[in-house]
Number of protein chains: 2
Amino acid sequence: MKLIHKQQLFTATLFCTTAFTTNFAQPADPLPSWNEGKTKQSIVTFVSKVTEQGSSEFVPPAERIATFDNDGTLWAEQPLYFQFLFAIDRVKALGPEHPEWAEKEPYRSLLAGDMKGALAGGERSLMEIIAVAHSNITTEEFESIVRNWLATAKHPTTGQPYTQMAYQPMIELLAYLRANGFNTFIVSGGGIDFMRAFAEQVYGILPEQVIGSTGKLKYEVREGKPVLVKLPAIEFVDDKEGKPIAIQRIIGRRPIATFGNSDGDLQMLQWTCAGNGARLCVYIHHTDAAREWAYDRTSSIGRLDNGLDEALAKGWTVMDMKTDWKIIFPSPRK
Amino acid sequence: MKLIHKQQLFTATLFCTTAFTTNFAQPADPLPSWNEGKTKQSIVTFVSKVTEQGSSEFVPPAERIATFDNDGTLWAEQPLYFQFLFAIDRVKALGPEHPEWAEKEPYRSLLAGDMKGALAGGERSLMEIIAVAHSNITTEEFESIVRNWLATAKHPTTGQPYTQMAYQPMIELLAYLRANGFNTFIVSGGGIDFMRAFAEQVYGILPEQVIGSTGKLKYEVREGKPVLVKLPAIEFVDDKEGKPIAIQRIIGRRPIATFGNSDGDLQMLQWTCAGNGARLCVYIHHTDAAREWAYDRTSSIGRLDNGLDEALAKGWTVMDMKTDWKIIFPSPRK
């Protein structure tokens, strides 16, 4: 909440400043973690074009929709999607309540710390682990479980809390766009309830601006109090074609700017950049093996192959993590 | 767009006034179409409580979520849901392209102007008419068809455009809540694309704040351009238990205020008023046969039966259209 309050105050102050003075100092660089260069320039130029009153490409604030993939775009996604690492920890925590798992895959291997064995069943094992970790609890219980996990769990490589693995340049970009009247939405294949547990605090993105994959919910009245129970059934997968579909269903307007990093974002970029007027489509290219990870065409996580070809063919912006970002993560917590 | 701009300016001005002066005039009554009385008082008292800094029931702006049913709550719904009247007109317009309909029910009767015959097949006929009227076109084509219809069609009883059958007191209430930092959402059984075609202009409710029933969409690339095609298959029915489920899925926060008029809104009222802190649950009771329509426990449209019992038992606000509203509709267009 605190973050939002500050933003609203900031916006209000901007309004007031604009209304009451005409001669005010140039603000400091709003994107200090971005190196000067083509990529930063393409973003700043786009924002100027659509926000300048009287510009032929001016876009009214309500139509300044910017959509962001999450995994690999706003925070890291290696060595495994963080939500899957959460699911593994959750299955381990649930182990004692399920003695039958001692004999049953993928649980037996997972509880024994043998991830290769746990995933031997392929996508089916993966989906089963995720379903078990995300269901048969109320939405409120789930939120509190995720928050507790985020407060205590550490990334296997960096040893940092997962929320410290959000990209500092993207946090600045989100704030910069909002300060310029944009509405910033997450449109991610990740689970919507999982992302909402940290999106407001880490990105300043409100719950109603988080779009993700969803499981079915059931409305029940328990002891006179209504609850929403998460069922072990997938309702919607917010990936590939699902992204423009979810954007239409939930936002109801075509974005003018969109940011992704994998082939799963390709249709969202296509949909955004096929609209009329000024558009900004950006692929984050993971090129920095030293400071983050380097992967694209052959990665099983965050594969960027067809998308990269189409970006190059259509002249979309390809952001190079190694050269475009001064820093990648916020300062590590001690 | 114009409406929204004015509101944003209004909000900005409020902020500035609050920031720069402490001694300013009391604004005029923001709810002039509401008679003084218990109902108006319950709304104004609730808004004061949750917006007063330092009040024990203060709610931060981002959490001031208010949800509204549409048919029978924000605009009229008699003698038939307006969206169904649209579907009938649309089937008539499509008639010439479908010679086979001359021999096929419910189309044969509908095209002959025999509504009783057209609906003889019950809900199945109804759903078929709606599916045909709403599918096999792109979302953009559909929006333009609805806008054209709203600009030309007239209500069968009043002869007014349908958008003139929105309730003036509710339009004032929406603006009043937004001026007090609320986010106002529609949560209706009506079709989401249908409502978005007028919600912004008539209610000041942005597309991303409209939640409704949805049909499936298909992402296609046609001649190099992506489109979203409306399919004749229902995806989600936003009624009864569907309302709290959709609220969780899309808004991700429990509303603190909610307004409905039928048993289809009961679960939304239960969900809202079961939350902690100050809550406002209001049922609009259609009691005015002279100025609008009078119906409740036995109506096939907008039935209010179990909901009325629960409202009385739980002490929710029941708004009496006859005594609580000075006027019902905006001035008729000449």
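Which side chains meet in a salt bridge at 3.9 Å, N to O? They are those of B:Glu235 and A:Arg249, in a model that is predicted. Across the interface of chain B and chain A, eight salt bridges are found by the rule applied here, and the count of residue pairs in polar contact between the two chains, both residues at pLDDT 80 or more, is 22. On the side of chain B that touches chain A, the elements giving two or more residues are helices H1 (2-20), H7 (139-152), H9 (192-203), H10 (242-251) and H11 (266-273), together with strands E2 (183-191), E3 (210-222) and E4 (225-236), each of them in chain B. Of that side, the largest share comes from H1(B), which contributes seven residues.

The extent of the interface can be described by contacts and by area. In terms of contacts, 50 residues of chain B touch 50 residues of chain A. In terms of area, about 4100 Å² is buried between chain B and chain A, and carbon and sulfur atoms give 61% of this. B:Glu208, B:Tyr219 and B:Arg249 supply 19% of the area that chain B buries against chain A, more than any other three residues.

Within chain A, helix H3 (residues 82-94) has 13 residues and reaches 18 Å from its first C-alpha to its last, close to the 18 Å expected at 1.5 Å a residue.

The structure holds two disulfides over all chains, and they are set out below.

| Disulfide | Sulfur atoms apart | Torsion about S-S |
|---|---|---|
| A:Cys273 and A:Cys281 | 2.3 Å | about 130 degrees |
| B:Cys273 and B:Cys281 | 2.2 Å | 130 degrees |

The disulfide of A:Cys273 and A:Cys281 is right-handed because the torsion about its S-S bond is about 130 degrees, and the link of B:Cys273 and B:Cys281 is likewise right-handed. In chain A, A:Cys273 counts as partly exposed because its relative accessibility is 24%, whereas A:Cys281, at 3%, counts as buried. In chain B, B:Cys273 is partly exposed, with a relative accessible area of 23%, while B:Cys281 is buried, with a relative accessible area of 2%.

How values were computed:
Residues are numbered from 1 along each chain as its sequence is written. Chains are lettered from A and ligands numbered from 1 in the order in which they are written. This is a predicted model: local features need pLDDT of at least 70, side-chain atom pairs count only at pLDDT 80 or more; totals for chains, interfaces and linings use all residues. Side-chain values use heavy atoms; hydrogens and water are left out. Helices (H or I, at least four residues) and strands (E, at least two) are DSSP runs, numbered from the N terminus. The expected span of a helix is 1.5 Å times one less than its number of residues. A disulfide is a pair of cysteine sulfur atoms within 2.5 Å. Buried means under 20% relative accessible area, exposed over 50%, partly exposed in between (1.4 Å probe, protein chains only). Contact means heavy atoms within 4.5 Å. Buried area is the accessible area (1.4 Å probe) that two parts lose on being put together, summed over both. A salt bridge is a side-chain nitrogen of Lys or Arg within 4 Å of a carboxyl oxygen of Asp or Glu. A polar contact is a pair of N or O atoms within 3.5 Å; within protein, one must be able to donate a hydrogen and the other to accept it, and residues adjacent in sequence count only if both atoms are side-chain atoms.
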